[in-house]
Amino acid sequence: MNLKCIVIDDEQHAIEVLTDHIAEMPGLTILKTFTSPVQALTEISIEDEIDILFMDIDMPGINGLELAKNIREKSKYLVFTTAHPDYALQAFDVQSDQYLLKPISFAKFAIGIDRILKKESTIAKNVKEVDPVAALYIKGDHKYAFSNIAIEEILYIKALQNYIQIITKSETHTTYLTLKEIEKALETHAFIRVNKSNIVAKAAIKKVDGNIIRLTNNEMIQIGEGYKEAFFAYVQSSLLKSNRS
């Protein structure tokens, strides 16, 4: 487990305290920090795939409660870190998972975050125990229209702003989903994210040449810089090797 974290607080000292705690806590890693809530609003993307968002409430320009209304959907968990206990009810309204009062000792931090880690562990365990589905239903162009897509037919999936395209061996489907949502649905299947915009079926990979993947339909997709390590680790794990000297 390696949950990616972002910290937003207008006080640099508060950020340093939290980044130290995150570094000490197994299962967490720091992705970005922001002292400006406005900068956080404009720069945080759903493509960052944030697991935990740590956010102060009393900040200039945009307070944490208002900011959370705009970026809550971009993070799996939201943890408010504040010196003010009277915001707790409002924090609940924006789906806060934890409410940590400053000063935040490592013990207080660890106890609060351990609940999230245990929840993630339970989710991961349940996913492994569920039999993988063989098909997905996606919404069509009106309320009662749905398409049934056989997972084994999927070659790759491409992000298109607020939509995704699912390219199969015989046709292409467009639906109102994010790449992160479809990636979650397919996590028990043999797919791999190769850049910010593409998820590829491992069985559809025909050839790898440097940073270029050629698929069985002869389309080519470039491997993103931030995805190379995981992709080539997968290739190495499946590579046939000779034992001859």
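How many residues lie between S11 and S12 in their hairpin? Two residues separate these strands.

## Model and overall build

This is a predicted model, in which local features need pLDDT of at least 70, side-chain atom pairs count only at pLDDT 80 or more, and totals for chains, interfaces and linings use all residues. Residues are numbered from 1 along each chain as its sequence is written, and side-chain values use heavy atoms, with hydrogens and water left out.

The protein has seven helices and 15 strands. Both are DSSP runs numbered from the N terminus: helices are H or I with at least four residues, strands are E with at least two. The C-alpha trace spans about 60 × 60 × 35 Å along its principal axes.

Of the 245 residues, 39% are buried. Buried means under 20% relative accessible area, exposed means over 50%, and partly exposed lies in between, using a 1.4 Å probe and protein chains only. The protein exposes about 14300 Å², and carbon and sulfur atoms supply 51% of that area. Accessible areas come from the Shrake-Rupley method with a 1.4 Å probe; for residues, only the protein chains shown count as cover. Among contacts with a separation of 6 or more, 50% join residues 24 or more positions apart. Contact means heavy atoms within 4.5 Å.

## The five-stranded sheet

Five strands form an open sheet in the order S10-S9-S8-S12-S11, with antiparallel pairing. Strands S10 (172–175) and S11 (191–195) stand at the edges; each has a single partner strand, so one side of each is left without a neighbour in the sheet. From one strand to the next, the twist averages 20 degrees. Axes for such angles are lines fitted to C-alpha atoms, for helices over the stretch in contact, and angles run from 0 to 180 degrees between N-to-C directions.

Strands count as paired if DSSP finds at least two bridges between them. S8 (residues 154–160) and S9 (residues 163–168) pair in the antiparallel sense over six bridges. Here isoleucine 157 stands opposite isoleucine 166 in S9. S11 and S12 also pair in the antiparallel sense, over four bridges. Arginine 193 stands opposite isoleucine 199 in S12. S11 is mostly covered, with five of its five residues buried.

## The nonpolar core

The largest nonpolar core has 28 residues. Such a core is a set of buried Ala, Val, Leu, Ile, Met, Phe, Trp, Tyr and Cys residues joined through side-chain atoms within 4.5 Å. Ile157, Ile166, Ile182 and Leu215 have the most contacts inside this core. At least two core residues come from each of S6 (135–139), S8, S9, helix H6 (179–185), S11, S12 (198–201) and S14 (212–215). S8 gives the most, with five residues. In soluble globular proteins, nonpolar side chains tend to be buried together.

What does isoleucine 157 contact, leaving aside its neighbours within four places in sequence? The partners are Ile164, Gln165, Ile166, Leu179, Ile182, Leu186, Ser197, Asn198 and Ile199.

## Loop residues

Aspartate 48 sits in the loop between helix H2 (37–43) and strand S3 (50–55). Aspartate 48 counts as buried because its relative accessibility is 14%. A polar contact of 3.3 Å joins its side chain to that of lysine 32. A polar contact is a pair of N or O atoms within 3.5 Å; within protein, one must be able to donate a hydrogen and the other to accept it, and residues adjacent in sequence count only if both atoms are side-chain atoms. Beyond four places in sequence, aspartate 48 is in contact with Lys4, Leu31, Lys32 and Glu43.

Glutamate 225 lies in the loop between strand S15 (220–222) and helix H7 (228–238). Glutamate 225 is exposed, at 63% relative accessible area. Its side chain makes a polar contact of 3.0 Å with the side chain of lysine 228. Glutamate 225 and isoleucine 166 are 59 residues apart in sequence and 23 Å apart in space, C-alpha to C-alpha.

## Backbone exceptions

Most residues other than glycine have a negative phi, and most peptide bonds are trans. Glutamine 161, in the loop between S8 and S9, has a positive phi near 55 degrees. Glutamine 161 is exposed, at 83% relative accessibility. Glutamine 95 has a positive phi near 60 degrees. The loop between helix H4 (88–93) and S5 holds glutamine 95, which is exposed with a relative accessible area of 55%.

Lysine 102 and proline 103 are joined by a cis peptide bond, with omega about -5 degrees. Proline 103 lies in the loop between strand S5 (98–101) and helix H5 (106–129).
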